[in-house]
Amino acid sequence: MTFPLAAVCVAAAILGGLTGAAAAAQERSISLDEFRDRVRGGWAGKMIGVAYGYPTEFDSNGAIIEYELDWETNQVANALEQDDLYVGMTLAETMDRLGLDATTEQYGEAFKQSKYKLWHANAAARRLLNLGVKAPMSGHPKHNIHANDIDFQIEADFIGMMCPGLPQQSNRYCDRVGRVMNYGDGLYGGMFVSGMYAAGYFDKRPQSVVRAGLACLPAESEYAQLIRDVVGFHERSPDDWRACWRHIEQRWNKHDSCIDGALEPFNIDAKLNGGYVALGLLYGNNDFARTIEIATRAGQDSDCNPSTAAGVLGVMHGYDWIPEKWKAGIAKIEGDKFKYTQSSLVEICQSTVDRAQKVVESVGGRVEDGKLIVPVEDPSPAPLEQWSMGIPKERLAYGDAAFSFGQGWSEGRGRRLAHMVADSKGAEMTLRFNGTAVALVGDCLTDGGRAEVFLDDEPAAPIDAYAAWATRDNALWHAYGLAPGDHTLRVVVSGDAHPSSTGKRVLIHGAVVYADADPRHSQPATHAAE
């Protein structure tokens, strides 16, 4: 059977039109000019938020900040020296240097060479990397007790900003970069933040954007449970952020296993502080000043949290939208380099735009007629991985009866606390405890030495207390997933050290002992890289 040529052409035109419409329905677009403004808004928001909250950082733990919060035009310059900016930027620069396909191990090797001051999961990761533990195991709780801490959460913004409308891609890059220093809920913090940024390019509703970040996480994870709890409370009581804060405090600010926060008001856990980010965004309701004020007044890491919230809000609405009061000081410093980086605000914005175009093109998008054409991509939750030291049971000082120190140990006072210290071979220490996990607390220093460890008379992972300069880590040794009951930990100083160490000292402040109330916590964390 044959058809007239005109009929064939009409049919082809109709079919082509339908195909084009279907294709268009699977794509979204944003003009390049608007995209650049959104990127600038994101980075400027981070700068403003961290500079606003910096004077309050960990000044109020477990309590709402009630005193007056100030802002001056030149205050934003403080952001040039904040780890919320420079760590993420150096990771972005690493991606630019190595390409989008860079591996976790390659990010680890680059991170190992960094010279800036680091704390918690970041510090532990760099210390481990310098001791020869490669990424991703540098972020694994087997080695890094800080794996659930906030670190990657405050550094992942650059990933979300370069993945407009592409939450699966943001999860993919987070999984590569974040495992250098975090695991489980610590990794999910970066995925949550990046997922909100990715959604913010095409959605200006805070409730929807927070839900989009939540959708990037496994629903069973404690991080997702907390955020879902905050979202639900906001839906029931949308006008009372203080009531929601009290709910978070009562239900979630408990049992922080970080050795600095165990049985203390201090809490640097990723999910708790992520809850404060969501609190600011939801109850701020697209008001820039109110968003950062709430995220700051929530306390704890009260410079990181408004920085993240303001960054997400900046991407949602753009730089031009940010009230002049807050951005008035930026023009003066936009060409200055952030400390430890090769980037100014102008340069990081341009590199983010360039990186985003590559990401979009890698999934079949394109730049066309001055627009960034982005394939529609729904969030897909990451696989579930959870771990915990358990519930902190007691803090033990080195002078407690649970400790006994043999010959070669002496008392001292260092940069933080009184301690016992030894550097002679054979000097022994014994700790007797009852629990399912234990962390030995002692500063790791540039002159740190080595020691053998025996747990219940069986050889265990040894101690190497060397840490490069500016690497503040006091997690000397830990073990979790132990059988409930009495245990004996014996440490024997080796009298030697890492080749880069300037001494052989092993320094002990005390220990934190943990018990288990959740059967899940008694199971060792696992990952394919282990």
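## Mixed five-strand sheet

An open sheet is built from five strands in the order E2-E13-E10-E16-E5, with mixed pairing. Strand E2 (118-119) and strand E5 (391-397) are its edges; each has a single partner strand, so one side of each lacks a neighbour in the sheet. The model is predicted: local features need pLDDT of at least 70, side-chain atom pairs count only at pLDDT 80 or more, and totals for chains, interfaces and linings use all residues. Residues are numbered from 1 along each chain as its sequence is written, and side-chain values use heavy atoms, leaving out hydrogens and water.

Strands (E, at least two residues) and helices (H or I, at least four) are DSSP runs numbered from the N terminus. Two strands pair if DSSP finds at least two bridges between them. Strand E10 (residues 437-444) pairs with strand E13 (residues 471-479) in the antiparallel sense over five bridges. Cys444 has Asp473 in E13 as its bridge partner. Helix H5 (residues 120-130) packs on this sheet and touches E2, E10 and E13. Contact means heavy atoms within 4.5 Å. The direction of H5 makes about 80 degrees with that of E13.

## Antiparallel five-strand sheet

Another open sheet of five strands runs E6-E9-E14-E11-E12, with antiparallel pairing. Its edges are strand E6 (403-405) and strand E12 (458-464), each with a single partner strand, so one side of each is left without a neighbour in the sheet. From one strand to the next, the twist averages 20 degrees.

E6 and strand E9 (residues 428-434) pair in the antiparallel sense over three bridges. Phe403 has Leu431 in E9 as its bridge partner.

## Helices H8 and H10

Helix H8 (residues 185-200) packs with helix H10 (residues 222-236) at an angle of about 50 degrees, and their axes lie 9 Å apart. That makes H8 oblique to H10. Angles under 35 degrees count as roughly parallel, over 145 as roughly antiparallel, 65 to 115 as roughly perpendicular, and the rest as oblique. Axes are lines fitted to C-alpha atoms, for helices over the stretch in contact; angles run from 0 to 180 degrees between N-to-C directions.

From H8, Asp185, Tyr188, Gly189 and Phe192 meet Glu222, Tyr223 and Ile227 of H10. The contact residues divide into four nonpolar, one polar and two charged. Here Ala, Val, Leu, Ile, Met, Phe, Trp, Tyr, Cys and Pro count as nonpolar, Asp, Glu, Lys and Arg as charged, and the others, Gly among them, as polar.
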